[in-house]
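Hi,

Here is the structure I said I would pass on.

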Amino acid sequence: MVYLFVGTGQAGSAIVDDVFAHDGIRIEASPLAINSTVRDLENLSNIRDTNWIGVSETDGLVPGTEAGFEERVTGGFGRRPERANDVIENHRSDLVSMLEERFGEEGNVPFAFVFVGVGGGTGCGIAPHVIEAIRGYAAGDVKVITVAVLPNTQDPVHEDSDDEVSAGRQAANATYGLNRIEDTSDGILLVDNQRLGYEDAAEGRFSEYNEYIAGSIVDLVAGPVIERIDPGDYENIDAPIIDVQDIVTSLSFGDEGARRAGYGTFGRTVQMTKSLPGYFLPMVGQQEIDAAEMAYLAQAKQSVEDLTFADADKALANVRAPESYITEGEYQINVSEIRRRLREHTSEVNLGMVPSKRNLVSCTTLYTFEREDLDRLQQIESIAEAYAST
């Protein structure tokens, strides 16, 4: 096993479930879902109960296949991450043992991704402990990237009810969660649910949004894993092949001995390489790819709103395309246009290309910021402060 994808809480587990809907991701990656509500776990389509761990205030950590799981993992933590923190704090060694049981005692996990909705209770409370447990389980120096889902904070700041949780409570949770995750992660990727907040019937769009986020994550880490690529076989590619270590480097600041997490946003766009007739007739309907348009759209579709790209410290782009589009030939993608778009905002740029068997080209871009340079995070912290002052 090379990668471990762990969903914590409802939001985090749902995105991991969508990641594992992609063919090939299981070649060298495994999922795990950790949650406190059995109903949410049962809604997962691509993570079986053998890879579930329940969190119970009365029973601690409960394996998904254990007898009575449905009766023991029922509660949730009522959007109170402190309660979830208290439970798992006393059972972190149990979590290390459960990782050993599921994925082998050798701890062959150089990279892990932990997904969490920081506006809620379970994931927000347990995520830092899950990261530390992964570090305790791994045999070597594991790198952990956290994918943190920010809450929609457009609602009233102080009005909590049985059906609705106030923006203030969610902002306070998000600030609490990010403060702790920042100390344990090698890098943080942000997903902003407020990107859906202005749309009609936004609740119905979360599934589609999760699929977009999952597709972006898969395309970022796709290279040697999904396509099973040996970089040495593609020396004529115009850009190097991106691996997860490149992503960690782009998402962090400082030297190897004193690294600290940066905050990344990401966006993805796709263009088909064949027209409709090309799917039925060989050598017909191949289409040129507009690299400049792809770079622009990937930037416009970033996972966090209200970005000032000039404040970015680093940028990365990963392009997946059929081999004929990335080597010399009539349809070769002009990657200099993508590089130019990134360098409009920052001088530290990492660009990679990955040969793909798909009949499409995807361009996924990532921008890394210091926490104080993201207006959205400053807004969330201000809402949290207003909530705490009453």
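The largest nonpolar core in this predicted model has 72 residues. Within that core, the residues with the most contacts are I34, V130, I134, L190 and I333. Helix 6, which runs over residues 122-137, gives the most to this core, with seven residues. There is also a second, separate core: 42 residues, including V73, F113, I145 and I217. As background, nonpolar side chains tend to be buried together in soluble globular proteins.

Which residues is V130 in contact with, leaving aside its neighbours within four places in sequence? They are V6, T8, I34, I88, L95 and V114. I34 turns up here and also among the residues with the most contacts inside the largest core.

Next, F103. You will find F103 in helix 5 (residues 92-103). Is F103 buried or exposed? Its relative accessible area is 11%, under the 20% cut-off, so F103 counts as buried. F103 and N51 are 52 residues apart in sequence, and their C-alpha atoms are 9.8 Å apart in space.

Last, some backbone angles. Most residues other than glycine have a negative phi. R79 is not a glycine, yet its phi is positive, at about 60 degrees. R79 sits in the loop between helix 3 (69-72) and helix 4 (81-89), and is partly exposed, with a relative accessible area of 35%. D306 also has a positive phi, near 60 degrees; look for D306 in the loop between helix 11 (291-300) and strand 11 (314-321).

Cheers

Methods. Residues numbered from 1 in each chain as written. Predicted model: local features only at pLDDT ≥ 70, side-chain atom pairs only at ≥ 80, totals over all residues. Heavy atoms only, no water. Helix = DSSP H or I, 4+ residues; strand = E, 2+ residues; numbered from the N terminus. Buried < 20%, exposed > 50% of the residue type's maximum accessible area, 1.4 Å probe, protein only. Core = buried A, V, L, I, M, F, W, Y, C linked by side-chain atoms within 4.5 Å. Contact = heavy atoms within 4.5 Å.
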